[in-house]
Amino acid sequence: SFLTFCFLSIGVYGSIADQILFLDHFGIVVKDLDASLNFYSNILGLTVVKQLTLSGEAFSKGVGLANATANIAELSPPNVGAHIILIQYTNPAPHVLPEEKVNDFGYNHIDFDVDDIFKVYALITAQGVKCLTPPVLLKGYGNIINFCRDPDSNIVQFRQKSK
């Protein structure tokens, strides 16, 4: 409405950032919920908070897909407020995207800060996780990073901050 436009123009409502309370979750659409749960829960050690199936008119309207049904698993990393929500759509069937590279446009990766990246690297590679890089020190940035892939080829970064 014109009144809303006027309020926004003069800053009565403040900025959008003023309204953001915190980062709540990352949603990842997966092909196989069990395989993804194995990766994020059994290999990485995240805690499954809840699992459920969502469907019906409100869910379909909310996600913008007719007759949508999805199996959901919410996971929580220790000591972190933001959760990861794994979503396996059973209707409509998702289409498979090509494997993205680290420099492709769009949402690129999820990062887990860790205490000992070399220990994490040894543990995940022993579990058969595909890593794109070994731990590498970024000179000038001071952090050690490495990139791996989850069962759906999503990029997962581990980072050890400089001390």
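**Entry 1: the sheet.** I looked up the sheet and found four strands in the order β5-β8-β7-β6, forming an open sheet with mixed pairing. I took two strands as paired if DSSP finds at least two bridges between them. Helices (H or I, at least four residues) and strands (E, at least two) are DSSP runs numbered from the N terminus. I noted that β5 (109-113) and β6 (136-137) are at the edges; each has a single partner strand, so one side of each lacks a neighbour in the sheet.

**Entry 2: basis of the values.** The model is predicted, and I kept local features at pLDDT of at least 70 and side-chain atom pairs at pLDDT 80 or more, while totals for chains, interfaces and linings use all residues. Residues are numbered from 1 along each chain as its sequence is written, and side-chain values use heavy atoms, without hydrogens and water.

**Entry 3: β7 and β8.** I found strands β7 (residues 144-149) and β8 (residues 155-160) running antiparallel, joined by six bridges. Cys 148 lies opposite Val 156 in β8. Helix α4 (residues 117-126) packs on the sheet and touches β7 and β8, where contact means heavy atoms within 4.5 Å. The direction of α4 makes about 20 degrees with that of β7; axes are lines fitted to C-alpha atoms, for helices over the stretch in contact, and angles run from 0 to 180 degrees between N-to-C directions.

**Entry 4: the chain.** I recorded four helices and eight strands in the protein chain, following the pattern α-β-α-β-α-β-β-β-α-β-β-β along the sequence. Among contacts with a separation of 6 or more, 51% link residues 24 or more positions apart.
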